[in-house]
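Hi,

Here is the structure I said I would pass on. Have a look at it first, and then read my notes below.

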Amino acid sequence: MKIDQFNFAGKKAIVRVDFNVPLDENGHVTDDTRIRGALPTLKKVLADGGALIMMSHMGKPKGKVKESLSLGQIVGNVSAALGVEVQFAPDCAKAADAAAALKPGEALLLENLRFYPEEEGKPVGVEKGTPEFDEAKKAMKESQKAFAKTLASYADVYVNDAFGTAHRKHASTAVIADYFAADAKMLGYLMEKEVTAIDNVLKNAEHPFTAIIGGSKVSSKLAVIKNLLDKVDNLIIGGGMGYTFIKAQGGHIGESLHEDELMPEALNVIAAAKEKGVNLSLSVATVAADSFSNDANRKVVDIYNIPDGWEGMDASEESLENWKKIILASKTILWNGPVGVFEFENFAHGTGQIAQYVAQATQENGAFSLVGGGDSVAAVNKFGLADKVSYVSTGGGAMLEAIEGKVLPGVAAIEG
C-alpha cells in the first residue's frame, strides 16, 4: 500500500519515526532535522482525520530506563513542529489506554522503545557463544514478538518512516509489520524517497555512473566497493582508506592511516576494476602533515612517497582536478565519505571541493546525485549545497547496507 493512496480518516496510525536527535546537557534538542524530516508523513495522518501514535528510539540505553535518553524531553519540539499538542506515554509497552483515548487529529508520542531489550531482540546479561545464550536468544525472539504485538495493538495501520533503522530487524521496524494486513502497512514519505533514491542509483543508473567512496577504513566499505564494481564506470577512492591501496602497490605512505591486513583485498579490488573496465581513481598527491592536528605543518607530496613522520591528511589540487573531470562528465553520482580529515578546518578543502563538483554536475549537467554518510552530509550542509544535489540520505548505515546489495528488513517487512 502506498501512503498517498491511503485515507487515514477515523483510523489510528502507529508510525515508526527516527527521533534519535542530538540533545545538549540540559536535554534541549540541538538539531531537529530528523523531526522535520518526518513531518510530511505525520501531517498526512492528521490532515486525513486520523489519530497519530509516534514511536522511536533514542541513543543506546541497552534495555534499561535512562532518564537522559527519555523522549519526554522532545515532546515540546515535536508539538511545535507538528502544530498539535502532543501527548506523552511514559511507558511504550503500557500505552493501551492512552492510545484508545486518542481522537482524530490528536497525537501521542511513546517513550523510548529501547528502554525494553525486546525492541532490539538481544539477550541481556548472557555471554555470547554459550548454551545459555542460545536459550536466551530463543526466549528473546518470543518476547520480541509479544512486544511487537503489544505495539501493534494500539493502532489500525502501521507506517515505517525511519530509514535510519531500516537495516535492523527490530520489533518496531520489522516484526510489528506481521500483525498488520498488506493494505494496512506502508512506508512513509521519507522511507519512500530513500528507497527510490537508492533504486535510482543501483537499478536505474544513467551512465557514466561514478561512485566516490571516502572515509578512514577500507574494512568498513569493502562490501560496498565490491558490489559497486559491477555497476559503476568510475570509482573514486579517497580519504584515509586510499593509503591502504597505495601501500599495497608498494607506495611509501609515512605515518598515514592504513590497514595492512586489507592490502590483499585492495589489490583484488584494483585487479577486479581492471578486469571489469572500471576506471579506478586514487589520489596522485596528498596534503601531508607532520602531526594529526589542525595546526600541523603542511606540504603537498607525491602520494607514493610520503616522508617518514608525515601523514596524508587531504586530497591535493592535482587529485581534485582529476576527480573534477570525472564527476562533471557523470550522469549518476553516489558519494559516501570524506576525502580528507574533514573535522579539521585546514584539511577540509578536498571534501568541500567534492561537494562543489557534485552540486555542479547536478545543477549544470543534469546528473542524479545521491549523498549519504555523516561526513558527506555534513559537507553538503556546511557549504549550503544540500538543495543543490538530488538527494541527501538520512540513514548512513541503512544506505551502506542497501548499496552492499543487502535486503533491508524494515523495507522487506512491508514490500515483501
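Predicted model: local features only at pLDDT ≥ 70, side-chain atom pairs only at ≥ 80, totals over all residues.

Just after the helix comes G366, with a positive phi of about 75 degrees.

Next, the neighbour of α11. Helix α10 (residues 317-328) packs against α11 at an angle of about 20 degrees, and the axes are 10 Å apart. Angles under 35 degrees count as roughly parallel, so α10 is roughly parallel to α11. The crossing of α10 past α11 is right-handed. On the α10 side, the contact is made by E317, L320, W323, K324, I327 and L328. From α11 come H349, G350, Q353, I354, Y357, V358, Q360, A361 and N365. Sorted by type, the residues of this contact are eight nonpolar, five polar and two charged.

I35, L39, L42, K43 and L46 of α1 meet N77, V78, A81 and L82 of α2. The residues of that contact divide into seven nonpolar, one polar and one charged.

I ran the length check on helix α6 (residues 189-202) as well. Its 14 residues should span 20 Å at 1.5 Å a residue, and the end C-alpha atoms are 20 Å apart, so that agrees. Buried in α6 are Y189, L190, M191, E194, V195, A197, I198, V201 and L202; note that E194 is on that list.

Two bits of backbone deserve a look. Most residues other than glycine have a negative phi, and most peptide bonds are trans. Where does the model have a cis peptide bond? The bond joins H207 and P208, with omega at about 0 degrees. P208 sits in the loop between α6 and β7 (209-213). Then there is K62, a residue other than glycine, whose phi is positive, near 55 degrees. K62 is in the loop between β2 (51-55) and α2. Is K62 buried or exposed? With a relative accessible area of 62%, K62 is over the 50% cut-off and therefore counts as exposed.

Last, P409, which lies in helix α14 (residues 409-415). P409 has a relative accessible area of 21%, so P409 is partly exposed. Leaving out residues up to four places away in sequence, P409 touches A166, H167, R168, K169 and A174. By contrast, P409 and T286 are 123 residues apart in sequence and 40 Å apart in space, C-alpha to C-alpha.

Cheers

Conventions. Residues numbered from 1 in each chain as written. Heavy atoms only, no water. Helix = DSSP H or I, 4+ residues; strand = E, 2+ residues; numbered from the N terminus. Axes fitted to C-alpha atoms, helices over the stretch in contact; angles between N-to-C directions. Parallel < 35°, antiparallel > 145°, perpendicular 65-115°, else oblique. Left-handed = near helix turned anticlockwise from the far one by under 90°. Contact = heavy atoms within 4.5 Å. Nonpolar A, V, L, I, M, F, W, Y, C, P; charged D, E, K, R; others polar. Buried < 20%, exposed > 50% of the residue type's maximum accessible area, 1.4 Å probe, protein only. Expected span 1.5 Å × (residues − 1).
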